[in-house]
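Student: Could you take me through one part of this structure slowly and carefully, and then show me how its surroundings are built?

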Amino acid sequence: MKGLILKDIMCLRKQLTIFCYVIIGVLIVSVMFVLSTRFGNLAKNAAEMMVENSMTEFEINNLATLALVLFMFLPLAVVGDVLNVFEEDSKAGFAKVGGALPVSLPGRVLARYFSVFALLGIGVAFDLLIAVILSFLTDIVSLPEFIGMIVSAASVIGIYSSLVILYRIMNPGAGKGQNAQILSLFTMAVGFVLIRFQKVKEIVMIIANGQVENNDMSAERMWDLLTVVKDRAWIIFLIALAVTGISFALSLSIAERKRGVI
């Protein structure tokens, strides 16, 4: 199994190179961003908007937090896409000889999941390093909130990657990766709407009625998801564990019925 994990990681070596550049870029840009929110143009613009009452301090801080969430998300998104592993395996015809390896079918499927989460672990480690640095430079987001943001981002990427693995095993072959990506994103969108149906309905009504600027409660509802990402990351983490477990069980079941897919 160790050899299969190394093989998968080698298939993603181009992504790992990009990951190194992304880490450097995110570190530089995020440091510049938080410094600007304290001492630079962003701080000046924020003060002007509060004086003009165009935005509240609550909304400005949440916009800055949202930007930092995106910064934390980028490195994980680069290493979390396992699609290239399937594409390289399809081009090399690896699935045809996989059964001859001294690794059981459950072991081969499990190795694919281990590969994804090993890379996610690397991404989380670097994100934590960036978060520690940023936490000394800004008071907008505390270190525990940064950790929550990273856990949430890693969980979302983990859900996406688990679904991609499932849909690629369900629909094997070269050139079918885009279908797996679309189905994964669609499944995540449907799942989100079902889980947060009432909240999504409220937000749609707020936007439709144009109440956001004039109602503090409406603004709080609009930013509710960001609060979950920061302060209740364990919920997203538990959902990710459940989705990964279901995905693995279904992937293994399909692989047992469709021999030569992994």
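Tutor: Let us begin with the second largest pocket of this predicted model, which is lined by 17 residues, with Thr 37, Leu 42, Ala 43, Ala 46 and Ile 60 lying nearest its centre. The elements that each give two or more residues to this lining are α2, which covers residues 13-39, α3, which covers 41-51, and α4, which covers 57-80. Of the elements, α3 gives the most to the lining of the second largest pocket, namely seven residues. The space in the second largest pocket comes to about 320 Å³, and when its lining is sorted by class, there are 11 nonpolar, three polar and three charged residues.

One of those elements, α4, leads us on to the helix packing. A pair of packed helices is described by the angle between the two axes and by the distance between them. For α4 and α7, the angle is about 155 degrees and the axes are 8 Å apart. Since angles over 145 degrees count as roughly antiparallel, α4 is therefore roughly antiparallel to α7. On the side of α4, the contact is made by Leu 68, Met 72, Pro 75, Leu 76, Val 79 and Gly 80, while α7 brings Val 116, Leu 119, Leu 120, Gly 123, Val 124, Asp 127, Ile 130 and Leu 134. By class, this contact of α4 with α7 holds 11 nonpolar, two polar and one charged residues, and the crossing in which α4 passes α7 is right-handed.

Helix α7, residues 105-135, also packs with helix α8, residues 143-170, and here the axes come within 10 Å and cross at roughly 160 degrees. These two helices, α7 and α8, are therefore roughly antiparallel to each other. The contact draws on residues of α7 that include Val 116, Leu 120, Val 124 and Asp 127, and on residues of α8 that include Phe 146, Ile 150, Ala 154 and Ile 157. In the contact of α7 with α8, 17 residues are nonpolar, four are polar and two are charged, and α7 passes α8 in a right-handed crossing.

A further partner of α7 is helix α1, residues 2-11, whose axis comes within 9 Å of that of α7 and crosses at roughly 50 degrees. That angle makes α1 oblique to α7, and the crossing of α1 and α7 is right-handed. In this contact, Leu 4, Ile 5, Lys 7, Asp 8 and Ile 9 of α1 meet Arg 108, Ala 111, Arg 112, Phe 114, Ser 115 and Leu 119 of α7. Sorted by class, the contact of α1 with α7 has six nonpolar, one polar and four charged residues.

The largest pocket holds about 970 Å³ of space, and of the 30 residues that line the largest pocket, the closest to its centre are Val 156, Phe 192, Leu 225, Val 229 and Ile 236. Among the elements that give two or more residues to the lining of the largest pocket are α4 and α8, together with α9 (177-195), α10 (197-209), α12 (224-231) and α13 (233-257). The lining of the largest pocket divides into 23 nonpolar, three polar and four charged residues.

How values were computed: Residues numbered from 1 in each chain as written. Predicted model: local features only at pLDDT ≥ 70, side-chain atom pairs only at ≥ 80, totals over all residues. Heavy atoms only, no water. Axes fitted to C-alpha atoms, helices over the stretch in contact; angles between N-to-C directions. Helix = DSSP H or I, 4+ residues; strand = E, 2+ residues; numbered from the N terminus. Parallel < 35°, antiparallel > 145°, perpendicular 65-115°, else oblique. Left-handed = near helix turned anticlockwise from the far one by under 90°. Contact = heavy atoms within 4.5 Å. Nonpolar A, V, L, I, M, F, W, Y, C, P; charged D, E, K, R; others polar. 1 Å grid on protein atoms, 1.4 Å probe; cavity = no way out; pocket = protein on both sides within 12 Å on 5 of 7 lines; lining within 4 Å. Points joined across faces, edges and corners; volume = space filled by probe spheres on them.
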